[in-house]
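Work through the exercises below with the sequence and coordinates open. Try each task before reading its solution.

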Amino acid sequence: LNGFYRKEALGPSSSAIFRLFGRIGNSWRSVHVMLQGSKGAYELESCANDCAAILRCMLDASLQIAYILVQPEEAEERGQLYLDYEHVERYQMVKDVLPLDNPIVKRLRESARRAEAEPRVRAEYERVKGKYTHGKGSIRSQWYPGNLRQLAKAVGKEEEYLLFVKQFSSAIHSGPMATRHPTLAGTRVAIDDKAGQIV
C-alpha cells in the first residue's frame with residue numbers, strides 16, 4: 001500500500017485513476033460537510049444546488065475512470081493522455097491570462113520566476129499537443145475525444161449521463177428552475193399530485 005502512494009510506483013492508468021478517485025472522494029466529503037452542517041429544511045434547500053453541482057462533477061470524474069478502464073489494452077495509453085493534458089491546460093491558462101490587463105495579472109507578468117517557468121510550460125505543451133489535435137489542427141477542449149455524452153456512451157453509461165445532466169443542469173448554470181426550486185434541480189423532483197405538474 002505504501003508503494004501505491006509513492007508517485008513513482010504508479011503506472012499511467014493507476015496514477016490517473018488515483019487522482020480521479022481522490023477528486024470523487026473529496027467531492028463526496030464536501031457534500032457530506034454541507035449536509036451535516038445544515039439544520040432544518042431551509043438550510044438543506046440553500047445548499048441543494050451546490051450539492052447537485054458537486055454530484056455532477058463526481059459523475060464527470062467517474063466517467064473518465066470508466067473510459068480509462070473500459071478497454072484494458074488501452075488503459076495505460078488513456079491514463080497517459082489524462083496525465084499529459086495537464087500541460088495543455090497550463091499552457092492555455094498562461095496564453096489566455098497573461099495578456100489581460102489587471103493588477104493580479106501584472107504581478108504574474110513581472111514575476112521573477114516567469115523567465116524560467118514560461119519556456120518550460122511551452123516546451124511541455126509542444127511535446128504533448130499532437131495527442132490532442134483535431135483534424136483541422138485545433139486542440140480539443142478535454143483530454144478524451146468527443147464530448148462527455150460520447151464518453152458516457154462509450155462506457156455504456158449514456159442513460160446515467162442523461163439523468164444526471166438533465167436533472168442537475170439548471171443547478172450548474174444557475175438556471176431559473178434551480179433558483180426557484182433548489183431541491184428540484186439539486187436532489188428531487190416534486191410533483192403536484194392533483195395537477196400532475198412540477199411545483
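**Exercise 1. Cysteines**

Is cysteine 47 buried or exposed, and what is its relative accessibility? Then decide how many disulfides the structure has.

Solution. The model is predicted. Start with accessibility. Cysteine 47 has 7% relative accessibility, so this residue counts as buried. Cysteine 51 is buried too, with a relative accessible area of 3%. Next, take the sulfur distance. The cysteine sulfur closest to that of cysteine 47 belongs to cysteine 51, 4.2 Å away. A disulfide needs the two sulfur atoms within 2.5 Å. At 4.2 Å, cysteine 47 and cysteine 51 are therefore too far apart for a bond. The count of disulfides is zero.

**Exercise 2. The two sides of helix 7**

Find which residues of helix 7 are buried, and which exposed residues sit on the face turned away from them.

Solution. Begin with the geometry. Helix 7 spans residues 114-128, 15 residues in total. From first C-alpha to last, helix 7 reaches 21 Å, close to the 21 Å expected at 1.5 Å a residue. Now list the buried residues: Val121, Tyr125 and Val128. They lie on the same side of helix 7, because they cover an arc of only 80° around the axis. Turn to the opposite face. Ala115, Glu116 and Arg127 are the exposed residues there. Last, find the partner. The buried residues of helix 7 pack against helix 5.

**Exercise 3. Helix 5 and its neighbours**

Determine which helices the buried residues of helix 5 pack against, and what tyrosine 82 contacts beyond its sequence neighbours.

Solution. Check the length. Helix 5 has 23 residues and reaches 33 Å between its end C-alphas, close to the expected 33 Å. Its buried residues include Arg78, Tyr82, Asp84, Tyr85 and His87. The packing partners of the buried residues are helix 2, helix 4 and helix 7. Zoom in on tyrosine 82. Leave aside neighbours within four places in sequence. The contacts are then Ala16, Arg19, Leu20, Gln64, Ile68 and Trp143.

**Exercise 4. The largest nonpolar core**

State how many residues the largest nonpolar core has, and which have the most contacts inside it.

Solution. The core has 34 residues. Leu63, Ile68, Tyr82, Tyr132, Trp143 and Tyr161 have the most contacts inside it. Helix 2, helix 4, helix 5, helix 7, helix 8 and helix 9 each give two or more residues. Helix 4 gives the most, with nine residues.

**Exercise 5. Aromatic pairs**

How many aromatic pairs does a search of the whole structure find? Classify the pair of tyrosine 85 and tyrosine 132.

Solution. The search finds six pairs. For tyrosine 85 and tyrosine 132, the ring centres are 5.0 Å apart and the planes are at 75°. The pair is edge-to-face, because the angle is over 60 degrees. Locate the partners. Tyrosine 85 is in helix 5, and tyrosine 132 is in the loop between helix 7 and helix 8, 47 residues apart. Tyrosine 85 is buried at 5% relative accessible area, and tyrosine 132 is buried at 0%. Tryptophan 143 and tyrosine 144 are also edge-to-face, with centres 5.6 Å apart and planes at 85°. Finally, ring pairs join Tyr67, Tyr82, Trp143 and Tyr144 in a cluster.

Definitions and conventions: Residues numbered from 1 in each chain as written. Predicted model: local features only at pLDDT ≥ 70, side-chain atom pairs only at ≥ 80, totals over all residues. Heavy atoms only, no water. Helix = DSSP H or I, 4+ residues; strand = E, 2+ residues; numbered from the N terminus. Expected span 1.5 Å × (residues − 1). Buried < 20%, exposed > 50% of the residue type's maximum accessible area, 1.4 Å probe, protein only. Arc of directions from axis to C-beta. Contact = heavy atoms within 4.5 Å. Core = buried A, V, L, I, M, F, W, Y, C linked by side-chain atoms within 4.5 Å. Phe/Tyr/Trp six-rings, centres within 6.5 Å; stacked < 30°, edge-to-face > 60°.
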